[in-house]
Amino acid sequence: MECAPGPSCTGDESEEAVGAWPAARGNRDRIFIGTKGGARPTVPGDRTLDSAEGLSAAAVARAAEGSLCRLRTDYVDPYWSHIEDRSAPLHETLGAPNTLAEQGKVRALGASNIAAWRLERARNLSGAPA
């Protein structure tokens, strides 16, 4: 897996550091690695959410692939949708991480920094049990 170096101040640095640790030790199968997507800035150095990548299907796929590459792994244990993105249809925001799970790239899904009513709407849309 070959990764292009990313610009600084995007959060890439932490994933690269985390990925280097199990790669150097050969113990990926014995540790739990999680990551998140949605809030990564698309403009290097932007510390606001104005340039956040969002949760469209294309953005989630790009973000996950980038994270897997920087983490030097084929899968992550939890993948978190880490921002509310009302510009993407909710069914797309739910479907994109689910596709990653079906592909074996994530083992569990989660959400953070999202209003409780929006999570409830997503749960109802997905048909998930309470």
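Residues are classed here by relative accessible area, as buried under 20%, exposed over 50% and partly exposed in between, with a 1.4 Å probe and protein chains only. The model is predicted, so that local features need pLDDT of at least 70 and side-chain atom pairs count only at pLDDT 80 or more, whereas totals for chains, interfaces and linings use all residues. Residues are numbered from 1 along each chain as its sequence is written, and side-chain values use heavy atoms, with hydrogens and water left out.

The protein chain contains four helices and three strands, where helices (H or I, at least four residues) and strands (E, at least two) are DSSP runs numbered from the N terminus. Read from the N terminus on, the elements follow the order α-β-α-β-α-β-α. Of the 130 residues in the protein chain, 37% are buried. Among contacts in the protein chain with a separation of 6 or more, 73% are accounted for by residues 24 or more positions apart, a contact being defined by heavy atoms within 4.5 Å.

Two helix pairs are considered next. Two packed helices are described by the angle between their axes and the distance between the axes. Axes are lines fitted to C-alpha atoms, for helices over the stretch in contact, and angles run from 0 to 180 degrees between N-to-C directions. Angles under 35 degrees count as roughly parallel, over 145 as roughly antiparallel, 65 to 115 as roughly perpendicular and the rest as oblique.

Helix α1 (residues 12–25) packs against helix α2 (residues 57–71) at an angle of about 45°, and their axes are 7 Å apart; α1 and α2 are therefore oblique to each other. In this contact, D12, E15, E16, V18 and G19 of α1 meet G66, S67, R70 and L71 of α2. By class, the contact of α1 with α2 comprises two nonpolar, three polar and four charged residues, where Ala, Val, Leu, Ile, Met, Phe, Trp, Tyr, Cys and Pro count as nonpolar, Asp, Glu, Lys and Arg as charged, and the others, Gly among them, as polar.

Helix α3 (residues 90–102) and helix α4 (residues 116–126) pack at an angle of about 70°, with a distance of 10 Å between their axes, which makes α3 roughly perpendicular to α4. Here L90, H91 and L94 in α3 meet R118, R121, A122, L125 and S126 in α4, and the residues of this contact of α3 with α4 divide into four nonpolar, two polar and two charged. Within helix α4, A122 counts as buried at 10% relative accessibility. Leaving aside neighbours within four places in sequence, A122 is in contact with L90 and L94; the C-alpha atoms of A122 and L94 are separated by 7.2 Å, although these residues are 28 residues apart along the chain.

Eight salt bridges are present in the structure, each defined by a side-chain nitrogen of Lys or Arg within 4 Å of a carboxyl oxygen of Asp or Glu. One of them joins E15 to R70, with the closest N and O atoms 2.8 Å apart; because E15 lies in helix α1 and R70 in helix α2, the pair ties together parts that are 55 residues apart in sequence. E15 counts as buried at 9% relative accessibility, and R70 is likewise buried, with a relative accessible area of 14%. A network of salt bridges links D12, E15, R40 and R70.

A further salt bridge is formed by the side chains of K105 and E65 (2.3 Å, N to O). This pair links distant parts of the chain, with K105 in the loop between α3 and β3 (106–111) and E65 in helix α2, 40 residues apart. K105 counts as partly exposed at 22% relative accessibility, and E65 is partly exposed with a relative accessible area of 37%. The side chains of E84 and R86 also meet in a salt bridge (3.0 Å, N to O), in which E84 counts as partly exposed at 24% relative accessibility, whereas R86 counts as exposed at 55%.

In the loop between α1 and β1 (35–37), N27 is buried, with a relative accessible area of 7%. Not counting residues up to four places away in sequence, N27 touches W21 and P22.
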